[in-house]
Amino acid sequence: MLKSSTQQQKNILNTVIGALPDNRPITSLQLVEEYEKCPKNFQSINKTYDQDQDADLWREKMLIGKRTTRYLCQSKSEGLPGYIVETLKVINEKEITPEGFSQLMRTADTEQKAWRKKQLVYRLAKKGSTKQAVTDIILCSRLRQAPEGFTLAGDINGILVCFKSSPVPHRPSPSVPSRQSITDLEKTIENLKIQSNVSKEATAQPQEHEYVELLSSYQLSPKRAAPKPPTYSTGTLNIHTDVEGVPFLLNPALKQYAIDVPAVYALTGTQLEYDFHLERQVLCTTKSQNAQLTNPFFQ
């Protein structure tokens, strides 16, 4: 079950990758007699672009015997390191190869003669020396001109060879560091190594007085008890507040300022006298004899 799931994931990934456009430049070309024997890391072009028919470039009719075939293969990773295919061209079999072009003389799988009547040649260029490179090759069996976006290289036995050119992305070459910068870098690396070793030694050996070990006999509680807060009685409850025992005095620093604080409300002796007339009247109207006996106002 696990193998089948893994295989399905690989198939999906390959399908997605195959659907994405590959604009990498072609780096090498080969010719084979049987497209199933295409070299490693090469892709054979065994179907035509316009009619999806056999893309054999030999095109020789045979009534008896084995049919001879030639299939073009392309690669975007193999070939001469640092070189890419810049352009293609179709020439006659006996024509002299143009200057700077390369030709395929033998099939890669059977070492047989590569071409009949016409042949395909290509020119390699260094990656940093060219602005355009061949990124795709198609073969057409019915079209008489290259499709849009492609360039016609020529006709090989009734098959049109077309290619697409794309700009080559150039990356600026890294600057060569001077001897002084290399020396400074070596010193920095050496200092980092030394600091790393010192930190490792410091971690391995515990420092003295890093912590204080408390003995089991050590008492954390104070020697004398804390003073009890003052209390005052309100019936049956003993309640104390945080401000009890704090003297209500003016800050000495404020004594230098002569400020007269006016009395907010002053009570005279007459105002402090109260005759309890209302309370007496309420108690006198009580109908309970027990209340009259215990009522102090009736005595």
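Two strands count as paired if DSSP finds at least two bridges between them, strands being DSSP runs of E of at least two residues and helices runs of H or I of at least four, numbered from the N terminus. This is a predicted model, so local features need pLDDT of at least 70 and side-chain atom pairs count only at pLDDT 80 or more, while totals for chains, interfaces and linings use all residues. Residues are numbered from 1 along each chain as its sequence is written, and side-chain values use heavy atoms, leaving out hydrogens and water.

The chain comes out with five helices and eleven strands. Three of the strands make an open, antiparallel sheet, ordered β1-β3-β2. Its edges are β1 (28-32) and β2 (43-45), each pairing on one side only. Between β2 and β3 (residues 71-75), which run antiparallel, there are three bridges; isoleucine 45 has leucine 72 in β3 as its bridge partner.

Then there are the salt bridges (a side-chain nitrogen of Lys or Arg within 4 Å of a carboxyl oxygen of Asp or Glu), and the count is eight. Aspartate 54 and arginine 67 form one of them, at 3.4 Å from N to O. Both sit in the loop between β2 and β3, 13 residues apart. Glutamate 93 and lysine 113 form another, at 2.6 Å. Glutamate 93 is in the loop between β4 (83-92) and β5 (101-103) and lysine 113 in the loop between β5 and β6 (118-126), so this pair ties together parts 20 residues apart in sequence.
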